[in-house]
Amino acid sequence: MHRTLRCLVVVIAAAFAVLLPIPAVADSGSSILEVRPLGGRQFEVIVYSAAMNRPIPVWVSHPGGPAPALYLLNAVDGGENGGPWTNRTDVAQFFADKPVNVIQPIGGRASYYTDWVTDDPALGRNRWSTFLIDELPSLLQDRFGMTGRNAVAGTSMSATSALNLAIEAPGRYQAVGSYSGCPRTSDPVSSAYVYSQLQLYGANAGNMWGPAGSPAWAAHDPIRNAESLRGVAMYISAGDGGAGVHDTLADPSIGGDAGRLADRMLVGGGMESVVRGCTAALTDRLAALGIPAQVVFRAGTHAWPYWQDDVHDSWPMFAAALGV
């Protein structure tokens with residue numbers, strides 16, 4: 001969202017908190033402030049997070065009856081700057097006939113969707129794993145009738161987040177999707193990578209898990225904690241950084257713009273080549289432990305059209321794990 005729109009959401013949410021009855025309240029003090037129909041099966045739900053002491057907009061695609069949930073996490077901008085999944089891909093249309101609640105929080109830029117040990121001057125208070133594990137599900141259960149079966153998927157930054165949520169909450173998620181993520185955090189090189197990502201948003205990764213080398217970094221390293229993913233269905237993907245099917249002038253995401261294509265190959269290609277190495281380290285570790293996963297290595301860069309493909313390709317895995 002643009003800054004003005006974010007401010008407007010906060011003001012509106014606060015007004016509703018004061019003026020309207022609250023339809024659902026969790027034991028934590030979190031609550032649903034507003035449910036706004038967007039047409040069809042889509043809703044915008046404004047949720048007050050007691051853990052973060054602020055309202056969080058959540059996009060929900062609800063099939064109209066009891067159904068499992070797929071939590072879809074945004075990339076490093078939290079869906080705030082370049083836009084969320086629903087602006088950048090066809091997920092709203094793709095899930096329009098699927099028997100699943102799709103839940104997309106808006107916000108969480110550069111947060112890794114985790115609980116930070118210290119409030120950050122640039123980002124404020126981040127308690128995202130508390131919000132996603134403890135606050136949001138019970139509220140949505142009351143309002144939308146979830147079945148108790150859950151999956152979570154993320155891309156780029158949030159691919160690591162999705163894996164870590166499954167590790168942190170054993171049994172909560174039956175399936176995980178990790179699209180073009182770098183699921184390694186605790187060695188010096190990968191810690192430096194995390195620091196550099198957050199610095200782009202003015203944030204200090206030392207406020208997230210403490211100084212590099214602190215125990216919390218190892219606790220949030222999916223490769224080190226891969227054994228905890230046993231029993232979870234997984235779809236894990238990455239490109240190789242080279243030109244793929246969407247890295248052409250003819251692709252709609254490029255639209256014949258040679259400059260855009262060059263930028264994607266330079267920036268997106270470089271990023272995805274790093275991602276490929278991180279992802280291979282995870283898949284090798286899973287294989288060594290005898291933990292199955294659907295692994296998709298392909299040609300291509302770090303770009304949204306590939307993650308749209310991942311959603312389509314991983315849906316059969318999610319459907320089977322969720323029992324629909």
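Is V176 buried or exposed, and what is its relative accessible area? V176 is buried, at a relative accessible area of 1%, where buried means under 20%, exposed over 50% and partly exposed in between, using a 1.4 Å probe and protein chains only. The model here is a predicted one, so to speak: local features need pLDDT of at least 70, side-chain atom pairs count only at pLDDT 80 or more, and totals for chains, interfaces and linings use all residues. Residues are numbered from 1 along each chain as its sequence is written, and side-chain values use heavy atoms, with hydrogens and water left out.

V176 sits in strand 8, residues 175-179; helices (H or I, at least four residues) and strands (E, at least two) are DSSP runs, numbered from the N terminus. Leaving aside neighbours within four places in sequence, V176 is in contact with V152, A162, L163, A166, V232, A233, M234, Y235, M317 and F318, contact being heavy atoms within 4.5 Å. As for A75, it is 101 residues from V176 in sequence and 15 Å away in space, C-alpha to C-alpha. One of the partners of V176, M234, has its own list once neighbours within four places are set aside: L163, V176, L229, L286, I291, P292, A293, Q294 and M317.

M234 also turns up in the largest nonpolar core, which has 56 residues. A nonpolar core is a set of buried Ala, Val, Leu, Ile, Met, Phe, Trp, Tyr and Cys residues joined through side-chain atoms within 4.5 Å. The members that touch the most others are V58, I103, F131, L136, L198 and M234. Helix 4, residues 128-144, puts in the largest share of this core, with eight residues. Apart from it lies another core, this one of 27 residues, including W59, L70, A151 and A319.

Helix 4 is not quite straight. At L136 it bends by about 40°, and a proline, P137, follows within four residues; the bend at a residue is the angle between axes fitted to the seven residues ending there and the seven starting there. The end C-alpha atoms of helix 4 span only 21 Å, whereas a straight helix of 17 residues would span 24 Å at 1.5 Å a residue, the expected span being 1.5 Å times one less than the number of residues. Buried positions in helix 4 are W128, S129, F131, L132, I133, E135, L136, P137, L139, L140 and F144.

The buried ones are M157, S158, A159, T160, S161, A162, L163, N164, L165, A166 and I167.

A110, in the loop between strand 6 (101-105) and helix 4, has a positive phi near 55° in a residue other than glycine, and counts as buried at 0% relative accessibility. T114 is found in the loop between strand 6 and helix 4 and is buried too, with a relative accessible area of 3%. Not counting residues up to four places away in sequence, T114 touches N126, R127, W128, S129, M208, W209 and H220. In the loop between strand 8 and helix 6 lies S180, another non-glycine residue with a positive phi, near 50°, and buried at a relative accessible area of 1%.

The structure holds one disulfide, a disulfide being a pair of cysteine sulfur atoms within 2.5 Å. C182 and C278 form it, with their sulfur atoms 1.9 Å apart. The link of C182 and C278 is left-handed, with -45° about the S-S bond. C182 lies in the loop between strand 8 and helix 6 (188-199) and C278 in helix 9 (residues 258-289), so the pair ties together parts that are 96 residues apart in sequence. Both C182 and C278 are buried.

Finally, strand 2 (residues 31-39) and strand 3 (residues 42-49) run antiparallel, joined by seven bridges; two strands pair if DSSP finds at least two bridges between them. G39 has Q42 of strand 3 as its bridge partner. The two strands form a hairpin with two residues between them, and G40 in the turn has a positive phi of about 65°.
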